[in-house]
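Here is a quick tour of one protein model for anyone just getting started with structures. Keep the picture open as you read, and look up each spot as it comes along.

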Amino acid sequence: MLQHVALELREDDVEAEAAFWALLGFARVDPPAGLRDRSVWVQRGEQQIHLLLADTPVVPPQGHVAVVAEDHAATVATLRDAGHEVEDRARHWGAARCFARTPAGHRVEVMEFAPS
């Protein structure tokens, strides 16, 4: 299991970014004391997203975070209802999936289940 991934963003995007991840079931948690002034962390189960504050953040053009949403249809509806553009994609290994962008521009794949 992947424990965490780090994504860069501007400080002005923190609240919108945390709200996006909340739609996918991630809640804010406190980072270690030495990182609180330069990052915000969100967590779902044992998985974390480390939102790293940067003056000039880098957003990978193709790379992405993939998360499993067992109630895929409801999660997609929640994203759309919150105003996020969702791009449905072809099923892979039988799983429904789509892509969305976070407010900071990061690409996120939402999968019904992980490949086995």
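The side chains of E15 and R28 come together in a salt bridge, with 3.0 Å from N to O. E15 sits in helix α1 (residues 14–23) and R28 in strand β2 (residues 27–29), so this pair ties together parts that are 13 residues apart in sequence. One thing to keep in mind throughout: this is a predicted model.

**More on the charged pairs**

- How many salt bridges are there? The count comes to five.
- Let's stay with that opening pair for a moment: E15 is exposed, because its relative accessible area is 53% and the cut-off for exposed is over 50%.
- Another salt bridge links the side chains of D88 and R80, at 3.2 Å from N to O. R80 is partly exposed, with a relative accessible area of 39%.
- R97 and E109 make a salt bridge too, and their closest N and O atoms are 2.9 Å apart. R97 belongs to strand β7 (residues 95–101) and E109 to strand β8 (residues 107–111), so the pair ties together parts that are 12 residues apart in sequence.
- Are R97 and E109 buried or exposed? Both of them are buried.

- β2 and β3 run antiparallel and are joined by three bridges. Look for V29, which stands opposite W41 in β3.

**Q48, a residue in β4**

- Q48 has its place in strand β4. With 12% relative accessibility, Q48 counts as buried, because buried means under 20%.
- The side chains of Q48 and H50 are joined by a polar contact of 2.7 Å.
- Setting aside neighbours within four places in sequence, Q48 is in contact with Q3, H4, V5, V29, W41, V42 and Q43.

**The nonpolar core**

- The largest nonpolar core has 22 residues, and the ones that touch the most other members are W21, L24, I49, V67 and V110.
- Where do core residues come from? β1 (4–9), α1, β3 (39–44), β4 (47–53), β5 (65–68), α2 (72–81), β7 and β8 each supply at least two.
- The largest share of this core is three residues, and it comes from α1.
- If you zoom in on W21, you'll find that it touches L7, F26, V42, I49, L51, V65, V67, T102 and V108, leaving out residues up to four places away in sequence.

- β6 and β7 pair antiparallel over five bridges. V86 has A100 in β7 as its bridge partner.
- The hairpin of β6 and β7 has two residues between the strands, and W93 there takes a positive phi near 45°.
- β7 and β8 also pair antiparallel, over five bridges. Here A100 has V108 in β8 as its bridge partner.
- In the hairpin of β7 and β8 there are five residues between the strands, and G105 takes a positive phi near 100°.
- How covered is β7? Mostly covered, with six of its seven residues buried.

**R89, a residue in β6**

- R89 is found in strand β6 (residues 86–92). Its relative accessibility is 33%, so R89 counts as partly exposed.
- The side chains of R89 and E87 are joined by a polar contact of 3.4 Å.
- Beyond its neighbours within four places in sequence, R89 is in contact with R97, C98, F99 and R107.
- R89 and F113 are 24 residues apart along the chain, and 14 Å separates their C-alpha atoms.

Technical notes. Residues are numbered from 1 along each chain as its sequence is written. This is a predicted model: local features need pLDDT of at least 70, side-chain atom pairs count only at pLDDT 80 or more; totals for chains, interfaces and linings use all residues. Side-chain values use heavy atoms; hydrogens and water are left out. Helices (H or I, at least four residues) and strands (E, at least two) are DSSP runs, numbered from the N terminus. Buried means under 20% relative accessible area, exposed over 50%, partly exposed in between (1.4 Å probe, protein chains only). Contact means heavy atoms within 4.5 Å. A polar contact is a pair of N or O atoms within 3.5 Å; within protein, one must be able to donate a hydrogen and the other to accept it, and residues adjacent in sequence count only if both atoms are side-chain atoms. A salt bridge is a side-chain nitrogen of Lys or Arg within 4 Å of a carboxyl oxygen of Asp or Glu. A nonpolar core is a set of buried Ala, Val, Leu, Ile, Met, Phe, Trp, Tyr and Cys residues joined through side-chain atoms within 4.5 Å. Two strands pair if DSSP finds at least two bridges between them.
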